[in-house]
Amino acid sequence: MANARSRGLRLSPVCSCCGKRGHRVETCKLPGAKVIQALRKKCSEQANAASSSVKKKDDRSHSHKDGQHRKVAAKSYGSNKERKQNVRRVLGSVISPLTLTKTEACSWLLKQGFVSSSSVCRHCGQKSLKGPYCLSRKDRRDHFYWRCARNACNKRDAFLQKSYFAGLQCEPDTLVQMLVRYANMSHTKAVVATDLVHAHGVSYNSADNFLRVLSEREAAAGKKAMSLIRLRQEIECDATSLGRFFVKPDNIFYADQIQDLQQKKRACLKSYPVHVRVVGAIQRGGLMVVKFMTPKVTLPKARPPVESIREIDRSGLAKYIGADKNTAIYSDGAPSWRTFAKKLKIPVAQVSHQQRQYAVQLRRAPRPKLSKVGGTQCIDAAWGSLKRFMPKQVKRKGKMKGVSCMNATLERRVYQWLWRKNLRADGDVTGQEFLVHLSKACRWK
């Protein structure tokens, strides 16, 4: 029977009274068929009467229904302090976006700086732009726009045209809600487009474009803020690998490295792995600087190469370190960091990870007022946070004119994380504070 059903064949019914195929007990002509039907009806009535008369008490209590059981569950699974710290904040008390009308949302976006309030028309260049106006349309969403008051121009622009969200298919009140939710979500994890799709009912493309714009603005703000940083006192330096991708032997971007490997190996492989690496420096309890190194081509099954002094010099990390009398470098056992510190004329304290030295008590501090604890615990924790922040959808390999190279999105995500980390250098940032910094980064000029 199972084989017949899997082949899509239609089986004929079987009578429960006579056992023959082709009919059921309801259409059977034998006298016992009516007796069987009467017994079935009587049994079903008795079962329904018994279930209606006896009601079992449901003693299952859930934490979200009863406050008493909620307290018991909180005590059994952990303290109240730990539960409050682990709760993910959503929609903080910056504003009440659910009560804003579309006109009030436009005013809020103009006040916060997400949309420019400049009156200069981009078509004629005169200060004659008026608005915003609302055009109500039947069976379609309202359209907010600017209009030039000069009769010679009289052209219109969308409300979001003077912002980084130009072209976004989203109404002003929905945009405000998305910004507030984005600011109050976890700052150590990348927001996924599906979170906004389920929360606000926007399309996936609109949510993805919204997140791409904010990621680009945060990365630009991270690069700009990093150019003003000068690290001093206790500075930890290290490099890490963000993954690898494979390229063909005829790749033009890494032709010199592939040629050197072919001469050493004396053989041409089908593909070569390229390691994406970053080098960074962090002031203990303070700000951090991250720079990309040139992607390195290696042989298959090779570990990520150790950073060299030539690569560190090319990254430009030295200009972010203030070489004064109260500054020292703490690093791992790579010999390039000793040479790097010698060029800056500052002392260095190194530990050997191969000898399982991660936090070592030094005999004497590199400087009189600095710490005697050597190691790279702070920057190692930062590298772990960076790798957790990277979304799984971001690939390491991209394309430029049809040739494989490092994905440009990877660099944007790194500096976005750096901007967020430096914001939290002095402590945790609330959703309201993060929204203020985000509005400065998205200010239209």
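The loop between β2 (143-148) and β3 is where N154 is found, in a model that is predicted. Phi of N154 is near 55 degrees, a positive value in a residue other than glycine. N154 is partly exposed, with a relative accessible area of 43%; buried means under 20% relative accessible area, exposed over 50%, and partly exposed in between, using a 1.4 Å probe and protein chains only. Helices (H or I, at least four residues) and strands (E, at least two) are DSSP runs, numbered from the N terminus.

Residues are numbered from 1 along each chain as its sequence is written, and side-chain values use heavy atoms, with hydrogens and water left out. In this predicted model, local features need pLDDT of at least 70 and side-chain atom pairs count only at pLDDT 80 or more, while totals for chains, interfaces and linings use all residues.

**The chain as a whole**

- The protein chain has 14 helices and 13 strands.
- Of its 445 residues, 38% count as buried.
- Among contacts with a separation of 6 or more, 61% join residues 24 or more positions apart; a contact means heavy atoms within 4.5 Å.

**Another positive phi**

- K301 is not a glycine, yet has a positive phi of about 65 degrees.
- You will find K301 in the loop between β7 (296-297) and α10 (309-315).
- K301 is exposed, with a relative accessible area of 83%.

**The nonpolar cores**

- A nonpolar core is a set of buried Ala, Val, Leu, Ile, Met, Phe, Trp, Tyr and Cys residues joined through side-chain atoms within 4.5 Å.
- The largest such core has 52 residues, and Y254, M288, V290, I329, W337 and W417 touch the most other members.
- Elements that each supply at least two residues of this core include the helices α8 (204-226), α9 (255-265) and α13 (408-423), along with the strands β4 (234-247) and β6 (288-292).
- The most comes from β5, with seven residues.
- Beyond its neighbours within four places in sequence, W417 is in contact with M288, V290, A382, S385, L386 and F389.
- A second, separate core of 42 residues includes W146, F165, V180 and L435.

**Two buried residues with polar contacts**

- D157 lies in strand β3 (residues 156-158) and is buried, with a relative accessible area of 10%.
- The side chains of D157 and R122 make a polar contact (3.0 Å). A polar contact is a pair of N or O atoms within 3.5 Å; within protein, one must be able to donate a hydrogen and the other to accept it, and residues adjacent in sequence count only if both atoms are side-chain atoms.
- Not counting residues up to four places away in sequence, D157 touches R122, H123, Y145 and W146.
- H200 belongs to helix α7 (residues 193-200) and is buried, with a relative accessible area of 16%.
- The side chain of H200 makes a polar contact with that of R181 (3.3 Å).
- Leaving out residues up to four places away in sequence, H200 touches T174, Q177, M178 and R181.

**Pocket and cavity**

- On a 1 Å grid over the protein atoms alone, a cavity is a set of points where a 1.4 Å probe fits but cannot get out, and a pocket is an open set with protein on both sides within 12 Å along at least five of seven lines; lining residues have an atom within 4 Å of a point.
- The largest pocket has a volume of about 680 Å³; grid points are joined across faces, edges and corners, and a volume is the space filled by probe spheres set on the points.
- Its lining has 22 residues, of which R303, P304, V306, E307 and D332 lie nearest the pocket's centre.
- The elements giving two or more residues to this lining are β4 and α12.
- The structure holds one cavity of 30 Å³ or more, and the largest cavity has about 40 Å³ of space.
- Y182, A190, V191, L211, R413, Q416 and R420 line the largest cavity, with α13 giving the most, three residues.

- A425 sits in the loop between α13 and α14 (431-441).
- A425 and R284 are 141 residues apart in sequence, and their C-alpha atoms are 9.8 Å apart in space.
- Setting aside neighbours within four places in sequence, A425 is in contact with G285, G286 and L287.
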